[in-house]
Amino acid sequence: MHSPHDPYVRVRGAREHNLKDVRVDIPRDTLTVFTGVSGSGKSSLAFGTIYAEAQRRYFESVAPYARRLIHQVGAPAVGEITGLPPAVSLEQRRSAPGARSSVGTVTTLSNSLRMLFSRAGDYPPGAERLDSDSFSPNTAAGACPECHGLGRIHRTDEVLLVPDPSLSIRDGAIAAWPGAWQGKNLRDVLDALGYDVDRPWRELDPKDREWILFTDEQPVVTVHPVRDADRIQRPYQGTYMSARRYVLHTFADTRSRTLRAKAERFLTSAPCPVCGGSRLRPEAMAVTFAGRTIAELAGLPLSALAEALSGTGAGGEETARVLTDDLLARIGTVTELGLGYLSLDRTAPTLSSGELQRLRLATQLRSGLFGVVYVLDEPSAGLHPADTEALLGVLGRLKEAGNSVFVVEHQMDVVRRADWLVDVGPLAGEHGGRVLHSGPPEGLAQVPESATRRFLFPGDGQDTRPAREARTPSGWIRLTGVERHNVRGVDAAFPLGVFTAVTGVSGSGKSTLVGQVLAGVLADRQAGEVAGAGELYCAAATGLEAVDRLVQVDQKPIGRTPRSNLATYTGLFDAVRKLFARTDAARERGYTAGRFSFNVPGGRCETCQGEGFVSVELLFLPSTYTPCPDCHGARYNPETLDVTLDGLTIAQVLDLTVESAADLFAGTPAAERALATLLDVGLGYLRLGQPATELSGGEAQRIKLAAELQRARRGHTLYLLDEPTTGLHPADVEVLMRQLHSLVDGGSTVVVVEHDMAVVAGADHVIDLGPEGGDRGGRIVATGTPAEVARGAGSRTAPYLAKALRR
């Protein structure tokens, strides 16, 4: 039995995911870093075990009725944890924040600024003092009644909605309508309402055209669809929605960036004529502080806001002094984390997951908590090496305040500064799940099986790779007069047929230049757009004709439900189901490939509808999931599971790792190709049926890359990747880079936005933006080979790139 004053968090018998009965002791009041390759089990230990157990204990103290209102994770698979304080988790959430969420709301700085205006603002003579809610565009008391607090009015007209009036509605005159079934449904509803859908648009009665495009009515009518002769035709009740209503509804409510971008093409956007884009009522805009309105202060970069507020409280009212001092202290922690380029009104959906996590970290630093465990997921993600020092300072202050800081991290500069290191491995999946080292970082030098060791101690002569000769470009894409966000009047040239890295501090404009402008002009050209989003952001673009395909490989999930998995996304499952359908047992019973899908009735277990688990409602306790009582998690009914392939059922095949499946399907070309590419990108440890919801962003990105590598190469492809190494251990980065360089060797172009200097050092061409973030960035400060950029004067990247080149 350990003393209640035992200074260690002691974990015994941890078996979460791939952890193998882990036993580890971690000292409290330290900066402890968890390392290991992707899939080794480090997150399962830090988040899935230690944080999950702390959360479970806390919820046991909460009233049962309140518990059901809070999202809870299940009890972790662990024997015992002692010495565990309360825990706060700061993960890189990938859920999309709402459009009204902003830097100000995430950090609660907006609340402090509104309070300052309410209590200490300069009001017009005779004006009534306003409540702080009256300065918020997200409340009825403060929002401009014309634009509902959005700041812009979005309108559309007939020219935008119907670009070619010579077409009939059936032939697609209304370009703004959705595609596929939804668009056909709207056309059929119009036909049922008595409108002529086969006549050229310009010949329709103007009153009819006005109603079809702009009505707010939503009539319901019985539709008798005309379909193929061999398909069942059932009438249904269809609801009409005008083209304007559809576009505005999609633009305002969709969480899909693709759909939102498409809707935006049919809208004109202008500042609200009533509030001028301030989003607030006139009475709130009449109040000033330090000579500025609240909208003007919220639009300043945080570093400039701090300058504007400095000294304003001195010598004035006590209320103003206290509120400005508090605001300045809060802003200080955010700017210290390298986010001074953000403004309070910057919307949350435009922030990276790394920026969001650092904003929450800055908020925690001001919370004054002590005696807790902070569990952080890669806080250095998206950080330029120049900003890492400030991050370490903030983590140090959290520790000095009497807290324990547990960090899952791949950035070796952060690992070197840790007090304690827990290295999990040695490899991923079933080849990992063991603690190889728990102790001071220097002790890892004595652990030869650790994948982290050679990166933490790079001077021990283990890296003998020869320097690669820079490739010669086969052509150039040149963008002139780029104007987007903080990138103003920039001319940029991207070489073709080589590997290009785009660098710069956070907020310098890298993702804007690559992800919006370059991707935009290429996407517009492929879609045949005359002037799409990309061309609106730059004056001219040349060299685009040399690119036949654009592929953007991001870290978004490959699916949002457990039904989507590794096998279904890569197309591997189709090949596997066909193999099962060809077995003698399946042929005797008349089973087709569809029988072996868990998404449709027939072969799946109907009790759980192919999910493998059922939800159990527990009244005042949260719903819990248990294995299906009929199929016991197999997803299929007994008749389907009677069919085997090489002695394995379809459920057992889905439970195989990629590595094991590669042996099983050797000699089957369709399956072999998909499995080989997954092995090539280092994902041999994943199970074929692993749900999309269990995959990290780095894993999702590599699955997308593997799916792309399977395809037959046709023409010149340009691959765009935004920070592809985020969430990857340096050993995994090497695997990923081998694949990306092989694409270039095959004649393609790769452009990456990247902070990892090892990746940048291996590029053929570098474009460095800066020199700072926000308004102080947005310029190209250096361009050329890595060696040339490393000598660039005024580049924040240069000294770190020079250090990487020396290694």
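Visitor: Is arginine 209 buried or exposed?
Guide: In this predicted model, arginine 209 has a relative accessibility of 17%. The cut-off for buried is under 20% relative accessible area. Because 17% falls under that cut-off, arginine 209 counts as buried.

Visitor: Which residue forms a salt bridge with arginine 209?
Guide: The closest N and O atoms of the pair are 3.2 Å apart. A salt bridge requires such atoms within 4 Å. The partner of arginine 209 is glutamate 158.

Visitor: How many residues apart are arginine 209 and glutamate 158?
Guide: Arginine 209 lies in helix α7 (residues 206-214), and glutamate 158 in helix α5 (residues 158-161). Glutamate 158 is partly exposed, at 30% relative accessible area. The pair links distant parts of the chain, and its separation is 51 residues.

Visitor: Where is the arginine that meets aspartate 216 in a salt bridge?
Guide: The side chain of aspartate 216 meets that of arginine 245, at 3.9 Å from N to O. Aspartate 216 is in the loop between α7 and β7 (220-223), 29 residues from its partner. Arginine 245 is in helix α8 (residues 243-253).

Visitor: Is aspartate 216 buried, partly exposed or exposed?
Guide: The relative accessible area of aspartate 216 is 52%. Exposed means over 50%, so aspartate 216 is exposed.

Visitor: What separates arginine 416 and aspartate 413 along their helix?
Guide: These two residues form a salt bridge, with the closest N and O atoms 3.0 Å apart. Both are in helix α16 (residues 412-416), three residues apart. Their separation is therefore about one helical turn.

Visitor: How many salt bridges does a search of the whole structure find?
Guide: Some salt bridges form a network, which links Asp6, Arg10, Arg12 and Asp25. For the whole structure, the search gives a total of 35.

Visitor: Which strands stand at the edges of the open sheet of six strands?
Guide: The order of strands is β18-β21-β22-β16-β23-β24, with mixed pairing. Each edge strand has a single partner strand, so one side of each is left without a neighbour in the sheet. The edge strands are β18 (549-552) and β24 (779-784).

Note on methods: Residues are numbered from 1 along each chain as its sequence is written. This is a predicted model: local features need pLDDT of at least 70, side-chain atom pairs count only at pLDDT 80 or more; totals for chains, interfaces and linings use all residues. Side-chain values use heavy atoms; hydrogens and water are left out. Helices (H or I, at least four residues) and strands (E, at least two) are DSSP runs, numbered from the N terminus. Buried means under 20% relative accessible area, exposed over 50%, partly exposed in between (1.4 Å probe, protein chains only). Two strands pair if DSSP finds at least two bridges between them.
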